[in-house]
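Subject: Structure handover

Hi,

Here is the structure I promised to pass on. Please have a look before you read my notes.

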There are 2 protein chains.
Amino acid sequence: MIYLDNAATTFPKPEQVYDAVNKAQRQYAVNAGRGSYRTARKANDVIKETRELIADLVRCPDSKNVVLSPSATIALNQIINGLPYDNDTAVYVSPYEHNAVVRTLHRLSEIYGFTVRQLPVLSNTFEIDIDEMKNRFAVVHPDYVYVNHVSNVTGYILPYKTIFSESKKYNAVNILDTAQSLGVIDIAIDSDIDFLAFAGHKNLYSNIGVGGFVYNSKIELKPFITGGTGSNSLDPEMPASLPGKYEAASPDIVAIASLNASLKWLRSVGIGEVYRYKKELTEYAVERLSKINKIQLLLPEQNEEHISVISFLHEDYTPNELAEILDMDFDIAVRSGYHCAPYVHKLISTEDTLGTVRVGLGYFNTKNDIDRLAEALTELE
Amino acid sequence: MIYLDNAATTFPKPEQVYDAVNKAQRQYAVNAGRGSYRTARKANDVIKETRELIADLVRCPDSKNVVLSPSATIALNQIINGLPYDNDTAVYVSPYEHNAVVRTLHRLSEIYGFTVRQLPVLSNTFEIDIDEMKNRFAVVHPDYVYVNHVSNVTGYILPYKTIFSESKKYNAVNILDTAQSLGVIDIAIDSDIDFLAFAGHKNLYSNIGVGGFVYNSKIELKPFITGGTGSNSLDPEMPASLPGKYEAASPDIVAIASLNASLKWLRSVGIGEVYRYKKELTEYAVERLSKINKIQLLLPEQNEEHISVISFLHEDYTPNELAEILDMDFDIAVRSGYHCAPYVHKLISTEDTLGTVRVGLGYFNTKNDIDRLAEALTELE
């Protein structure tokens, strides 16, 4: 199989991840932080070190601010549901948000009555229209701003720094979804980012089962998921301190061990090298695919605003039909459909096309994989 | 290490679980149900089969009613937060509930203003006082009744059938937490059980990372965690149908594959045999420990109401001190503290003792393990 669905989850993982999982399972997959025996403490040490690796990756000074969750979706639910709202809360989102944000805010908007406002885009390029955004912020001051760092549909790298520095002028709380970026693009958390949500199993190359968020805000986040924490058990409230306040349930030590190993692998490769290689692959894929007839690429305007993900349409097939042909006839795995990101399809006019065909490139892809895809699409011209 | 903390998580897992994890990771750990390529469908088939294995285990006629979640804690959060409440909702809980229930209901009781009522117990045996419960149900008709099937502190097997058949006379919604029972005690879901929450990593012997609930109710449960489902992506609402309505985020295929393997292992052993063996071990442990000086066992009154878990106190050491000695001097892993179950400690007078020492027996324990514990405790007499 030529695997080109890395935006969904990276596959395969580094060999170190498989080794770490096997070792964790056999040696210390006990209930970390809840037992006072050495094996439980060993498990806890692995969790602590994993927190430190994430903190180090985003230059967060205190690893206690790294909250581990079962997924980025749950982390975003914890953030979004943990914030206070009323009927005139000014909530802005980019039009590139994932349903983990869109559906969660939609539910809250129905409860509280606030409006979810999309950041404006330039009508020709679909880039965030910063000038118009500033105008709108001046009229309706932002309370919360949600930005998906890299679109999982078009690979557009959003200018979150500019957006957040503008919204911070109104003391907005800024939330960055790095599911498609952390591990590829260097991100240093600073005072403009209040919450940074991350997925382990995408560009951090862990198994599915662990994600989380970095808490970098003065705002109080109510615990959303409550339960046992192995501490203060007689207290009906969650513990007051980070990260335990947001970490109910037995830690998923095996998934966390996989993240521990993948973060060490990533460090040994270097984010700069991952970016360089994925950028090279992305450009190569764009170049090859752009020469194929009947293919319409749905690319960001500027090359430097683009990484990892390439969506396209085919004149003769729906996205789903083409994905099936690529799978059955060429053993190439791509993704088809709306990719759990609803708003963007209005921009790029792919609501009626049943979405797009998506190529998600990973660090383990090669130019040969792209050649195979290009050859298959050429055969189908 | 003599591992006696199986009530926290079973360890080790059957060898089949490790094999299944390795195979899933290397062969099909892609984004199940979201890709239209064969490997994604293979992953989806494993998930579907796992749902069927759970349905089969509890004799649920439709496996679509089996919702998979990252943990029993999250499953309980989904149930508890998904139900409707107002300020006079009559919520009853057993005094043996875990903080996944206690803290979650506490938070909601603060929002809605309802009272959480504990089911009454007999003052001498701490068994549920069924007669008094009937009286209270007659006065304040139950809307919701939460029962932890087996106490994770004392190993008491609660008479959920009697409780639920009484509460159903008032059309209560009944929620059974089987974290400590499913896989040990045969449970057939029937119309008296509306929701059955389960943990994979305890008595079902999967890795941590998967639990869930069986939806067996006519009551509507609002989705609590929202996000991408790989379906209906343009719709800001979660899909209407089970199980997708409650399954946001990429399925944790590796953890689910571990549950798939462990359920097949469990089926090959047989629940009856697991029960028989664990009962034998439990009785043997009680017999051995009851002969040791300075140990006070905190047991259910009736032998037939007891399985898997034995809590005790020591005259000379706090629970934590004793657990540390057992670990450091004898390489025996037991748990100390309150075990995330707040109410029960008032009953058994272990609030001021800093909780209990807990022995959690698993299917892979042997009488020799218990002998080693008994010998260690005898040395400390």
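Below is what I found, starting with the conventions.

This is a predicted model: local features need pLDDT of at least 70, side-chain atom pairs count only at pLDDT 80 or more, and totals for chains, interfaces and linings use all residues. Residues are numbered from 1 along each chain as its sequence is written, while chains are lettered from A and ligands numbered from 1 in the order in which they are written.

**The chain**

Chain A has eleven helices and 13 strands. These are DSSP runs, numbered from the N terminus: helices are H or I with at least four residues, strands are E with at least two. The radius of gyration of chain A (over C-alpha atoms) is 21 Å. The globule rule (2.2 Å times the number of residues to the power 0.38) also gives 21 Å for 381 residues, so chain A is as compact as a globular protein of that length. Its C-alpha trace spans about 65 × 55 × 35 Å along the principal axes. Of the 381 residues of chain A, 58% count as buried. Buried means that 20 or more other C-beta atoms, placed from the backbone, lie within 10 Å of the residue's own.

**Domains**

An automatic or database assignment sets the bounds. In chain A it gives domain 1 (2–11 + 270–379) and domain 2 (15–269). Their centres, taken over C-alpha atoms, are 26 Å apart. Contact means C-beta atoms, placed from the backbone, within 7 Å. By that test, 31 residues of domain 1 of chain A touch 30 residues of domain 2 of chain A. On the domain 1 side, α8(A) supplies the largest share, six residues. That side divides into 17 nonpolar, nine polar and five charged residues. Nonpolar covers Ala, Val, Leu, Ile, Met, Phe, Trp, Tyr, Cys and Pro; charged covers Asp, Glu, Lys and Arg; the others, Gly among them, are polar.

**The dimer interface**

In chain A, 69 residues are in contact with 70 residues of chain B. Elements giving two or more residues to the chain A side include α1 (15–27), α2 (38–57) and β12 (335–337). The most comes from α4(A), with seven residues. The chain A side holds 28 nonpolar, 28 polar and 13 charged residues.

How are the two chains related? A rotation of 180 degrees with 0.0 Å of shift along its axis superposes chain A on chain B, with RMSD 0.0 Å. That is the relation of a two-fold axis.

Best wishes

Notes. Two residues are in contact if their C-beta atoms, placed from the backbone, lie within 7 Å. Copies are superposed by least squares on the C-alpha atoms of residues with pLDDT of at least 70 in both. A residue is buried if 20 or more other C-beta atoms lie within 10 Å of its own, exposed if 12 or fewer, and partly exposed in between; C-beta atoms are placed from the backbone.
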